[in-house]
Amino acid sequence: MKKKKHTGAIIFFTLLAGLVAAGIAYFGVMFYVKTGTFYPQSLSDLSMITSEFKIFDTLITDEAMKDGTDESVANEAAAGRADGTAEDAADDKAANGAGDGSSSGKAANGQGDGNTSGKAQKDASGKEAATPTPKAKKNKKSKKKPTPTPAPSKPEDVDDISTHDMSRYLGEMPGEDSDIVSTATSVYTYEQMVKDLYFLEQRYPGLFTASKIGVTKDLRQIYMVTLGNPDAANHVVIQYTVHSREYINCLLAMKQIEYYLQNYEAGNTYGERTYPDLFSNFCLHVIPMANPDGVAVAEFGIDSMRTGSARGTIQFCWESDTQLGRTAASLEQYLTTFKANANGVDLNKNFPVGWEGYTDGVPVPSTDCHKGASPGSEVETQAIIGVVHDHPTVAVISYHSAGNLIYWNYGVQDEDLLAADRNLAINLCNVTGYPTAVSEKYDSHLAGGCSDYFMWEEGIPAVTLETGTGTCPLDIGAFAPIWNANKDVYPLLAAMYG
């Protein structure tokens, strides 16, 4: 009996050893198939077989962090997780003055090799990913994951003209016999706007205030100008250029502000009332450049971006749109018609109205039609909504281009709200000469925008003015008729609501 017990044990351990040997042989063969060798050069190389068992990590490599590129933005976007706020360590370094060190021609994955996210990719199981993924370099010594929820940019992060001692620019201020805001070119820059607001303060002290209401991804300030009586019962908010290639409207806004100041100081009249009288019981809030990052991209291309994160996202937009067949243009040409912000989000599709139902857009960062990660996710969107919420707002106006049209209605059924919106649209029609047009209600292919949001969600009359004709960006030759049509919009609003 004892002999039989020993024989059973021997058989059991022999079988076990055979199974172990077979397992080692199997993994050895699989490793050879993958690497061409039966042993790894280093222990870390064993990571090469993990894909067989569907173990994945999205990595930010040490090299990528050194050169300031933003692999995490491209990877997050391609995985359907891009929320327009994913900034990597390169952004933090840039914000702290360490520099980002990346060249503008590099792709979002730091290689510039054109392997971008427009094409659906397959995972180890052979299934196609829902959204494309640019290639990411793997660092065998580092497996640091991207920060999923980075801290938002803060005013103290900004180090540009808006934080300078502006008196250094007084030598550039036009003489008393000249307008401050020049119409020599339609390329009206963020830097020029900041200077002109300072110059206007010097020439017209106490007649307006300029405040900062947000900091963008690429560390620019969003400005708001307040005209009239802040204690008035009725306030109107006007925003310009959420679509970056429509930057001619930034110039329009600044000329309208200067025109108001000239007429107010001179005591000129509109109708039978002086400007001081018109604005004594009315307040206007103007956001002349709601999307300063996007404007910089449309005016000067990818080199205008200050941070590696922003450059990586903009590069990703072009590569993805190219792969998706949405553009065949070169990067330089593509960016001249850029519409989004530095997160690749179309701001007029980011407002929290019908956001979930808008399904026909672009699922990843793009020049247009990408709605972002969540309703109102973008700082630019939040800034506009915040201004309206902070004041007793009775109307909201959005300036866009082109079309010489005034959109109103937006499919709202409330008769009182429709009557107020129709009254605003008709009065603006009478001043500008632009015909009115009924805008349809948002749906799966028509995203709700700024005006839709305030009509549907806030119950505030809102309209959209489309200035000029032609393809954006509009040349300065289009400005004269735009100006003639819109120069009296501010006093009209004061006469309506003051």
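## The hairpin of S1 and S2

In this predicted model, the hairpin of S1 and S2 has 5 residues between its strands, and Leu 219 takes a positive phi near 65° there. Strand S1 covers residues 208-215 and strand S2 covers residues 221-228; the two pair in the antiparallel sense over 7 bridges. Individual partners can be named: Ser 211 has Met 224 in S2 as its bridge partner, and Lys 212 has Tyr 223 in S2.

## The sheet

Strands of a sheet pair through backbone hydrogen bonds, and the pairing is either parallel or antiparallel. Here, 8 strands form an open sheet with mixed pairing, and their order is S1-S2-S6-S3-S7-S10-S8-S9. S1 and strand S9 (436-439) stand at the edges; each has a single partner strand, so one side of each is left without a neighbour in the sheet. From one strand to the next, the twist averages 25°.

## Strand S6 and its neighbours

Strand S6 (residues 283-287) pairs with S2 in the antiparallel sense over 4 bridges, and the bridge partner of Leu 227 is Leu 284 in S6. Strand S3 (residues 235-240) also pairs with S6, in the parallel sense and over 5 bridges. Val 237 stands opposite His 285 in S6.

## Salt bridges

The count of salt bridges comes to 12. Among them is the pair of Asp 321 and Arg 326, whose closest N and O atoms are 3.2 Å apart. Asp 321 has a relative accessible area of 1%, under the 20% limit, and is therefore buried. Arg 326 has a relative accessibility of 35% and counts as partly exposed.

Arg 326 also forms a salt bridge with Asp 368, with the closest N and O atoms 2.7 Å apart. Arg 326 lies in the loop between helix H9 (308-323) and helix H10 (331-336), while Asp 368 lies in the loop between H10 and helix H11 (379-389), so the pair ties together parts that are 42 residues apart in sequence. Asp 368 counts as buried, at 16% relative accessibility.

A further salt bridge joins the side chains of Lys 349 and Asp 346 at 3.4 Å, N to O, and both residues are buried.

How values were computed: Residues numbered from 1 in each chain as written. Predicted model: local features only at pLDDT ≥ 70, side-chain atom pairs only at ≥ 80, totals over all residues. Heavy atoms only, no water. Pairing = 2+ DSSP bridges. Axes fitted to C-alpha atoms, helices over the stretch in contact; angles between N-to-C directions. Salt bridge = Lys/Arg side-chain N within 4 Å of Asp/Glu carboxyl O. Buried < 20%, exposed > 50% of the residue type's maximum accessible area, 1.4 Å probe, protein only.
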